[in-house]
Amino acid sequence: MNSFHPGESSSHPFREPAPLPSSIPKVNELGATSAPLKSAAFFIGAYCKEFNEDFMLCKAENRDPAHCLKEGRRVTRCATDLISKMRENCLQQFEAHWNCLELNNQEYPPCRKPERVLNKCMFEKLGLVKSIPGTTPGQTPIHEVENPLYGRMQK
Amino acid sequence: MPVPWEALIPFGLVTALFGAAGTLLNVSKRAQNQGKPPRYHIDSWEEMMMDRDQRLTGHARKQTSEPVAPEGFETSSVWYTEKTQ
């Protein structure tokens, strides 16, 4: 147990080509990349709250991937559902916001204007509100502050 | 006495060449990032997301908001392994 075994990286990264067994129900994976997901993040939090919480509690019990497959499928389905609804109802505003994020290192502070437009559209069409969990009760949330002190992260 | 304009040539040269070098670097960076400024301060989460973007679209900076992933996405993840002994 005390001997040293030097490791070496293998020359080819390992890829498992076999899909999941057919006993597990198939759910299509979410096709949105990082910027649209970051843009939709708070709305996914509002829309899929119960499923997300279930999944996190399940993971807290046991980190084994096989343990939380069912809750994971529910999370995927809910997120896919919300992204489809967002694209159906607020496509222009959504695209504007995540394109702005992509031009700014995916940081929220430089993109407040498109974000406000998107939040308005989401509230009108789908009734979802962006709320940051953990804001102290009296304070205005940072995305509603008109002239914030701090801007984007310095390079 | 006339203005010694020849003395200002080096200043102009230095400014122009600094500008050219800077512009070339900026253009090169943008070309590598599909016309967008490069990402900085990337942590492990962002690296993982950019790798996922690469698997979804073929380039780490190309974004798409399709609800459903393309065929073969489920089995395209790679594991970096290490041989011991």
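A:C100 and A:C111 form a disulfide in this predicted model, and their sulfur atoms sit 2.1 Å apart. If the word is new to you: a disulfide is a covalent bond between the sulfur atoms of two cysteines. A:C100 lies in helix α3 of chain A, while A:C111 lies in the loop between α3 and α4 (112-126), so the bond ties together parts that are 11 residues apart in sequence. The angle about the S-S bond is -95°, which makes this link left-handed. Are these two cysteines buried or exposed? Both A:C100 and A:C111 are buried.

How many disulfides does a search of the whole structure find? Over all chains, the search turns up 4. Here are three of them side by side.

| Disulfide | S to S distance | Angle about the S-S bond |
|---|---|---|
| A:C48 and A:C78 | 2.0 Å | -95° |
| A:C58 and A:C68 | 2.1 Å | -105° |
| A:C100 and A:C111 | 2.1 Å | -95° |

Take the bond between A:C48 and A:C78. This pair links distant parts of chain A, 30 residues apart: A:C48 is in the loop between α1 (34-47) and α2 (49-61), and A:C78 is in helix α3, which covers residues 69-103. The link is left-handed. A:C48 has a relative accessible area of 0%, so we call this cysteine buried. A:C78 comes out at 7% relative accessibility and counts as buried too. The cut-off behind that word is a relative accessible area under 20%.

Next up is the bond between A:C58 and A:C68. Where do its two ends lie? A:C58 lies in helix α2 of chain A and A:C68 in the loop between α2 and α3, so this pair ties together parts that are 10 residues apart in sequence. The A:C58 and A:C68 link is left-handed as well. A:C58 is buried at 5% relative accessible area, and A:C68 is buried at 3%.

Now number the bonded cysteines of chain A in sequence order, and the pairing reads 1-4, 2-3, 5-8, 6-7.

**A buried glutamate**

A polar atom of the A:E107 side chain lies 3.0 Å from the backbone nitrogen of A:M153. The side chain of A:E107 also makes a polar contact, at 3.3 Å, with the side chain of B:Y40, a residue of chain B.

**Over to chain B**

Chain B has a helix of its own to look at. Helix α1 of chain B runs over residues 9-32, which is 24 residues. From its first C-alpha to its last, the helix reaches 34 Å, close to the 34 Å expected at 1.5 Å a residue. Just after this helix, B:Q34 takes a positive phi of about 55°.

An unreviewed UniProt entry annotates residues 7-27 of chain B as a "transmembrane region". What does the model show over that stretch? Over residues 7-27 the chain is 90% helix and 0% strand, and the end C-alpha atoms are 31 Å apart.

Notes
Residues numbered from 1 in each chain as written. Chains lettered and ligands numbered in written order. Predicted model: local features only at pLDDT ≥ 70, side-chain atom pairs only at ≥ 80, totals over all residues. Heavy atoms only, no water. Helix = DSSP H or I, 4+ residues; strand = E, 2+ residues; numbered from the N terminus. Expected span 1.5 Å × (residues − 1). UniProt positions renumbered as here; feature names shortened; annotations may be inferred. Disulfide = S-S within 2.5 Å. Buried < 20%, exposed > 50% of the residue type's maximum accessible area, 1.4 Å probe, protein only. Polar contact = N/O pair within 3.5 Å; in protein donor to acceptor, adjacent residues only side chain to side chain.
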